[in-house]
Amino acid sequence: MKKTALFIMAILTVTSVFGQKKPMNEFIDELMSKMTLEEKIGQLNLLPGGDITTGAVMNSPLAQLTAEGKLGAVLNVKGQDKIKDLQQIAIKKSRLGIPLLIGQDVIHGNQTVFPIPLAQSCSWDLEAIENGARIAAKEATAQGINWVYSPMVDIAIDPRWGRVAEGAGEDPFLGCRIGEALVRGYQGNYGKENAMACVKHFALYGAAEAGRDYNTVDMSRVRMYNQYLEPYKAAAKAGAGSFMSSFNVVDGIPATCNRWLLTDLLRNDWKYDGFVVTDYGSINEAVVHGIGDQSVTSERALKAGTDMDMCSNAFIAQLSGLLQSGRISQADIDTACRRVLEAKYKLGLFDDPYRFCEPKRLKTDLYTEEHRKAARDMAAETFVLLKNEDLLPLKKQGKIALIGPLADNRSNMVGCWSTGDTPELYSTLKEAMERYVGDKAQVLYAQGCNIYADEKIQEGATFGRPISRVDDAEAKAEALRIAAEADVIVCAMGEMAEMSGESSSRADLSLPCVQMSLLKALVATGKPVVLLNFSGRPTIMSWEAENVPAILNVWFGGSETGDAICDVLFGDKSPSGHLTMTMPKVLGQIPIYYNHLNTGRPVPEGTGEYRKFQSNYIDVRNDPLYPFGYGLSYTTFEYGKPRLSGTTMNANGKLTLTVNVKNTGKYDADEVVQLYIRDVAATISRPVKELKGFERILLKAGESRDVNFTIDVDMLKFYNSDLQYVAESGDFEAMVGGNSRDIQRLKFTLVE
Ligand code: BGC
């Protein structure tokens with residue numbers, strides 16, 4: 001038996017007298033029989049340590065609360081030593097020695113930072129995504145963290161919402177697959193290198209009106225079930241240990257206090273048995289939403305199925321009084337307490353509370369070569385080539401002018417929610433490029449401009465990740481001077497890291513004016529220009545699409561961004577990212593998404609002019625700038641004529657769709673082959689197409705391959721107006737292609 005386990009044996013032991021591990025229920029029954037009411041409520045309390053700021057600063061006396069048994073978990077405490085100290089207080093000073101959960105927003109890596117989640121989704125590479133989560137958990141647990149606030153599976157169709165950066169885009173099918181992969185990657189089998197996942201934000205947070213963060217959400221149940229809920233459900237079924245409720249209202253009730261959501265749906269329908277934590281301060285925010293005072297919101301939250309209070313200090317203040325007055329029951333508290341203790345049991349914290357505090361792992365498990373390679377490879381897969389007029393890849397020769405506010409900045413490459421990053425270890429793009437070209441080419445550099453001309457706006461978007469201020473006129477002159485000398489211009493422009501993520505909604509999604517003005521001046525020189533667009537969301541690039549010869553959307557690629565960009569820019573890897581959010585032409589098209597309903601007056605895709613009495617705009621066509629699933633490569637792919645193994649199937653049957661894909665260009669490259677299905681006539685109107693399968697394949701130059709998709713009845717199911725999950729017989733269309741627009745169609749029928 002381990003020393004630590006021996007040590008706590010006097011108080012708490014998970015091992016029976018016969019030396020066997022006690023089953024979870026038996027152990028927790030025994031433990032709970034010893035707990036006072038106060039200690040039980042303590043388990044439901046989660047407070048911040050303040051080493052990272054992700055909400056209101058609270059300065060809570062963590063050590064004292066822990067010793068008094070009034071704290072079940074902490075977040076934002078950084079450093080293995082600090083975490084171990086706190087855990088030691090929990091074990092040695094609190095009456096029952098119950099260990100703490102240690103949470104952190106480990107969203108896309110830790111010290112090795114992977115691309116932001118939206119970028120990751122553009123790789124469509126589930127294996128790499130799962131591996132990224134595994135590495136993130138390994139690094140996080142090496143530092144003492146045992147609970148990560150990911151995956152974020154909120155579907156979002158409005159790029160004004162900054163938090164689109166944290167999710168997998170607009171499609172529920174892809175969102176499900178990615179959510180599952182992340183849960184598997186983080187949790188594994190709850191070994192020493194695994195952390196507990198937390199699925200967030202339940203639910204519908206991505207549908208905030210007008211893309212303004214924390215704003216109202218309102219939608220029909222049919223839409224909710226068909227478009228928004230599936231990824232949460234998939235992550236629950238994948239075994240995620242915890243869920244986080246969202247800030248928004250669902251059917252007018254703040255999610256944290258919504259019993260239908262947290263109990264009827266999550267627990268009863270989906271049979272979810274993990275625990276539910278609120279988002280930061282959301283029991284108190286329910287007061288601001290206007291449903292009552294803190295006693296009311298605490299009562300409603302607990303009864304709704306919330307188990308742990310993050311940063312509201314509400315449960316700790318209210319629950320015992322609510323119990324005395326009979327507004328909640330002992331069973332309500334016990335249920336929540338039990339779920340929290342179960343999480344600790346699953347993580348092995350009762351076996352060894354210090355299992356995530358091994359000093360030697362700090363030396364061996366962080367920012368390793370293996371981790372860096374995985375991050376670099378993945379980053380290269382996430383870049384989406386939007387346009388290329390025979391300019392890319394670049395040759396390592398001549399003079400390359402590298403211009404833009406993101407070209408030589410160290411802290412912004414990683415993107416939002418990089419709570420474990422160590423920028424001093426990472427290269428800027430300029431440094432990486434200089435290394436990459438060596439003495440074969442010369443890199444000339446100029447910052448060229450600020451992110452925003454307005455210092456206040458730039459300051460507001462900084463949040464600890466500054467980019468130096470320059471005099472815009474002087475910087476532009478300098479940029480034009482080096483451009484005149486250069487053979488090719490590479491612009492590193494776009495958003496700063498914190499212009500997306502939480503509380504980073506934008507009402508204008510174009511390149512800020514000062515950057516646009518520089519870009520236009522550089523294009524006007526007549527030199528070939530490559531735009532590297534850094535962004536945490538789809539941005540509006542209609543002018544760029546017309547006028548800039550090559551555009552590579554690089555999102556925020558994590559700690560290895562610089563090298564990964566060079567891998568692609570200079571052709572050692574071909575770009576293979578495909579958009580997972582539609583890119584609008586103009587802001588007024590938002591929300592714009594590929595899996596929309598048809599309406600009664602649709603305008604067919606690609607219609608060139610305005611049509612009176614049809615569903616369109618006078619001043620812009622309906623088509624996006626770049627559709628969902630879109631992304632170019634250095635090579636070209638040719639799709640053969642797809643074929644189906646039959647034209648009818650029944651509910652027990654299957655059809656196989658086969659399509660031949662050929663690499664007709666000069667580069668070995670990956671392609672993402674996509675399958676969409678449309679239910680032509682159903683009892684409710686169904687989307688014009690829905691992603692139902694995809695395969696990422698590597699084809700050598702000249703190589704061709706048959707790709708097969710099996711179509712079964714599950715792919716044809718949807719929630720009808722009674723919210724029953726059904727497949728209705730009738731006609732369907734299967735569509736296949738390299739994006740959601742350029743597809744070939746086949747018909748088939750589901751027979752009774
Ligand atoms: C965010 C969550 C995050 C939590 C803890 C909240 O403000 O909405 O996504 O996990 O803070 O940092």
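This is a predicted model: local features need pLDDT of at least 70, side-chain atom pairs count only at pLDDT 80 or more; totals for chains, interfaces and linings use all residues.
1. Methionine 735 stands opposite arginine 745 in β27. Strand β26, residues 730–737, pairs with β27 in the antiparallel sense, and 8 bridges hold the pairing. Between β26 and β27 there are 5 residues, and the two strands form a hairpin.

2. Strand β27, residues 743–750, has another partner in β19, residues 648–649. Here the sense is parallel and there are 2 bridges. Within this pairing, methionine 649 stands opposite leucine 750 in β27. A student can therefore look for both senses on one strand, since strands of a sheet pair through backbone hydrogen bonds, either parallel or antiparallel. In β27 the antiparallel partner is β26, and the parallel partner is β19.

3. Elsewhere, 8 strands make up an open sheet with parallel pairing. What is the order of the strands in this sheet? Read across, the order is β9-β6-β5-β4-β3-β2-β1-β10. The edge strands, each pairing on one side only, are β9 (275–277) and β10 (309–310).

4. Inside that order, β4 and β5 are neighbours. Strand β4 covers residues 147–148 and strand β5 covers residues 196–202; they run parallel and are joined by 2 bridges. Tryptophan 147 stands opposite methionine 196 in β5.

5. Two peptide bonds deserve a look, and so does one backbone angle. As background, most residues other than glycine have a negative phi, and most peptide bonds are trans. The bond between serine 150 and proline 151 is cis, with omega about 10°. Proline 151 lies in the loop between β4 and α8 (172–187). The bond from phenylalanine 202 to alanine 203 is also cis, with omega near 5°. Alanine 203 is placed in the loop between β5 and α9 (221–228).

6. Cysteine 311 is not a glycine, yet its phi is positive, at about 65°. Where is cysteine 311 found? The residue is in the loop between β10 and α14 (315–324). Strand β10 is one of the edge strands described above.

7. The ligand is surrounded by 14 residues. Thr54, Asp105, Arg163, His201 and Asp279 are the closest. By class, the shell holds 7 nonpolar, 2 polar and 5 charged residues.

8. Is the ligand in a cavity or a pocket? The ligand sits in the second largest cavity. When viewing the model, start from the ligand and find Asp105 and His201, which are among the closest residues.

Methods. Residues are numbered from 1 along each chain as its sequence is written. Side-chain values use heavy atoms; hydrogens and water are left out. A residue is near a molecule or strand if one of its heavy atoms lies within 4 Å of it. On a 1 Å grid over the protein atoms alone, a cavity is a set of points where a 1.4 Å probe fits but cannot get out, and a pocket is an open set with protein on both sides within 12 Å along at least five of seven lines; lining residues have an atom within 4 Å of a point. A molecule sits in a cavity or pocket if more than half of its atoms lie within 2 Å of its grid points. Ala, Val, Leu, Ile, Met, Phe, Trp, Tyr, Cys and Pro count as nonpolar, Asp, Glu, Lys and Arg as charged, and the others, Gly among them, as polar. Two strands pair if DSSP finds at least two bridges between them. Helices (H or I, at least four residues) and strands (E, at least two) are DSSP runs, numbered from the N terminus.
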